[in-house]
Amino acid sequence: MSLFRDGILENVYPAFFKAMSNPDHIGVALSISMAGYVLGGSSYFQALVFGSAWAGLIYYCCHEIYETYMMRRLSTDMADIQANYLENPDNGFWVADDGPNVVGIVAVMGEKRGDEGERCDSCNGGMMEGGSEFAQDAEDGSYGGLSSMVVVFPWRRKNLGSQLTQKALDFCKERGYARLVLEISSPQTAAISLYTKLGFVQTTSHNNTHANRWFSKLARINVMRMEKFI
């Protein structure tokens, strides 16, 4: 379970640096620092304190977004992997190890078309792709959802991520799912590149991170929905 926690929280710093490099945030940081300089009587220290306070707020927003997501998952499907994945034929959970250590995990959950519609309505203001794509789903409207995929840092860029994703795709094919769907946050650029290379395409995006909506706005984090037909 520590691998899952670490895999989620490691996105905090990339999200923070990406947010702080946004021109709007740079402008706000400079303005706040200048205000501190003036209010402090030409104090560079006061300028630094004011600027640091703004940076601290952005970091807090980024941390809250990923921690909220992690805690929600640990209290739902990841709370009982045996019951939610291993004993459910519609779901799958696999681990990769180098002997004594787990170096990667991937999980797939069977989803229903109706659930997807409700989720898209709430996340995207009702924005959905055309109905033609749904005609290719299984007869009961089911498809696979990639709920987790984590690879420890030393094993990245060694094709393990591609192998785990292929395992998920093979499982979906065996279950009769016509597509595999995932959601990923915009700061996860390496993972997005991997999925794009493997044939996934972005269909929608939203900023519903399950944290306070202002946190998402300040952190400049969007959630991208990607999928691949099998």
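In this predicted model, helix α2 passes helix α4 in a right-handed crossing (the near helix is turned clockwise from the far one by less than a right angle). Helices here are DSSP runs of H or I with at least four residues, strands are E runs of at least two, and both are numbered from the N terminus. Residue numbers start from 1 along each chain as its sequence is written. Local features need pLDDT of at least 70, side-chain atom pairs count only at pLDDT 80 or more, and totals for chains, interfaces and linings use all residues, while side-chain values use heavy atoms, without hydrogens and water.

Helix α2 spans residues 12-20 and α4 residues 44-74. They pack at about 140°, with axes 9 Å apart. Axes are lines fitted to C-alpha atoms, for helices over the stretch in contact, and angles run from 0 to 180 degrees between N-to-C directions. Contact (heavy atoms within 4.5 Å) involves Val12, Tyr13, Ala15, Phe16, Ala19 and Met20 of α2. From α4 come Trp54, Ala55, Ile58, Tyr59, Cys62, His63 and Tyr66.

Six strands form an open, mixed sheet in the order β1-β2-β3-β4-β6-β5. Strands pair if DSSP finds at least two bridges between them. β1 (92-97) and β5 (201-206) are at the edges, each with a single partner strand, so one side of each has no neighbour in the sheet. Five bridges join β5 to the antiparallel β6 (residues 223-229). Thr204 stands opposite Arg225 in β6.

Helix α1 (residues 2-9) packs on the sheet and touches β2 (102-112) and β3 (142-151). Helix α8 (residues 189-197) lies across β3, β4 (179-185) and β6.
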